[in-house]
Amino acid sequence: MAFQSVIDGFNLLIDSVRFLFRKPVFLLPIFFSWALVSALVLFLRYYIFFPDDLGLAVLAVFGVVFLITMTVCMANIVMLEFMQQMESGEKISFSRAFGEALVDLPKVIPVALVWAVIWFIILVIKVLTSKKNDDSKPEPSPRDAALALGGADSGPFSWLKLGLRMFEKLVRMYIFLALPAIAWENMGPFSAFRRAIEVIRRHPMQFITAYTLTGIASLFMAVPLIIVFYLDKSGVAFSSLFWTGVIIYEGIVWTFGIYLEQMSVGLLYLWHMKWLKKGGKGDLSSVSKPDLLDNVYELS
């Protein structure tokens, strides 16, 4: 049964990738969110001068983190609305999906706020444990922007940073698992949190497998970036045009990574809903896996 659960999680990832080739429009809201997120990160890096008051500086950083979590959550809600349209037998409509996302906005705000609080705490721990002593403001350049967006300026590897990064991803996928409850079942934020916990508790191996495989997929796509950053650190010089291409590739990696995480847990949530409709007995694989490309409409 445990082996079958791992296979189920693997199939969720395969379906997510396979579906993308048929409906690449699903990437659009996430790519737009990356454009906004990267703009916020670079604006914070180059043009924000924090006040001497520590409280105001902390509030400013938290505000940026909250804007980022809100942007990502709303982009994912739009993508989930695409899924609901398909599983209701309707054509994909960006304007209708965006309108539904705006209706869900009051419910998404507390979810994004909880995510922002946890993420901010992780950032504080990273800063407090960092050995970087250079407090000077960096100069804008394609190279520096690429290094910042790729996380190459975060200092040397440490097990603490790896653990924090893994925990950050776990929290992110938990947040993503709560979003379908808001988009598809009109739940409030705290009911959505409880439903996400229920899905993980009922199907832990499927969730863990999706968590692991999406991480491996993102790492595989990041290999070219790791090589470039290593060469740069070794003294190899690249042109500004090359670094601009690196930034674009970072956007592709980020967009694909967020898509895989949201789509895999979204499909898991949809499968859980179907499992409950069939009585909620036995293993998840006792119910046929939903397919977004078939003519069976699970959310009609």
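Which residues is Gln-262 in contact with, leaving aside its neighbours within four places in sequence?

1. **What you are looking at.** This is a predicted model, in which local features need pLDDT of at least 70, side-chain atom pairs count only at pLDDT 80 or more, and totals for chains, interfaces and linings use all residues. Residues are numbered from 1 along each chain as its sequence is written, and side-chain values use heavy atoms, with hydrogens and water left out.

2. **The overall build.** The protein chain has 10 helices and zero strands, so reading from the N terminus the elements go α-α-α-α-α-α-α-α-α-α (helices are DSSP runs of H or I with at least four residues, strands are runs of E with at least two, and numbering starts at the N terminus). A compact globule of 300 residues would have a radius of gyration near 19 Å, and the 20 Å of the protein chain agrees with that. That radius is taken over C-alpha atoms, and the globule rule is 2.2 Å times the number of residues to the power 0.38. Along the principal axes, the C-alpha trace spans about 60 × 40 × 35 Å.

3. **Gln-262, as promised.** This residue is found in helix α10 (residues 240–277). Beyond its neighbours within four places in sequence, Gln-262 is in contact with Asn-76, Met-79, Leu-80, Phe-176, Leu-179 and Pro-180, where contact means heavy atoms within 4.5 Å. Gln-262 is buried, with a relative accessible area of 0%; buried means under 20% relative accessible area, exposed over 50%, and partly exposed in between, using a 1.4 Å probe and protein chains only. The side chains of Gln-262 and Asn-76 are joined by a polar contact of 2.9 Å. A polar contact here is a pair of N or O atoms within 3.5 Å; within protein, one must be able to donate a hydrogen and the other to accept it, and residues adjacent in sequence count only if both atoms are side-chain atoms.

4. Of the 300 residues in the protein chain, 45% count as buried. Among contacts with a separation of 6 or more, 79% come from residues 24 or more positions apart. The accessible surface comes to about 15,300 Å², and 70% of it belongs to carbon and sulfur atoms. These areas come from the Shrake-Rupley method with a 1.4 Å probe, and for residues only the protein chains shown count as cover.

5. **Helix α6.** Asp-144, Ala-145, Ala-146, Leu-147 and Ala-148 are the buried residues of helix α6 (residues 142–149). They pack against α2 (28–46), α9 (204–233) and α10. After α6 comes Gly-151, whose phi is positive, near 75°.

6. **A lysine worth a look.** Lys-169 lies in helix α7 (residues 159–185). At 10% relative accessibility, Lys-169 counts as buried. Leaving aside neighbours within four places in sequence, its contacts are Tyr-211, Thr-214, Gly-215 and Glu-261.

7. Asn-186 lies in the loop between α7 and α8 (189–202). Its phi is near 55°, a positive value in a residue other than glycine. With 55% relative accessibility, Asn-186 counts as exposed.

8. Leu-284 is found in the segment after α10 and is buried, with a relative accessible area of 1%. Not counting residues up to four places away in sequence, Leu-284 touches His-203, Gln-206, Leu-268, Trp-271, His-272 and Trp-275. The C-alpha atoms of Leu-284 and Gln-206 are separated by 9.0 Å, although the two are 78 residues apart along the chain. Arg-202, in helix α8, counts as partly exposed at 36% relative accessibility. Leaving aside neighbours within four places in sequence, Arg-202 is in contact with His-272, Trp-275, Leu-276 and Gly-280.

9. **An exposed leucine.** Leu-59 is found in helix α3 (residues 54–86). At 56% relative accessibility, Leu-59 counts as exposed. Its C-alpha atom and that of Trp-119, 60 residues apart along the chain, are separated by 14 Å.
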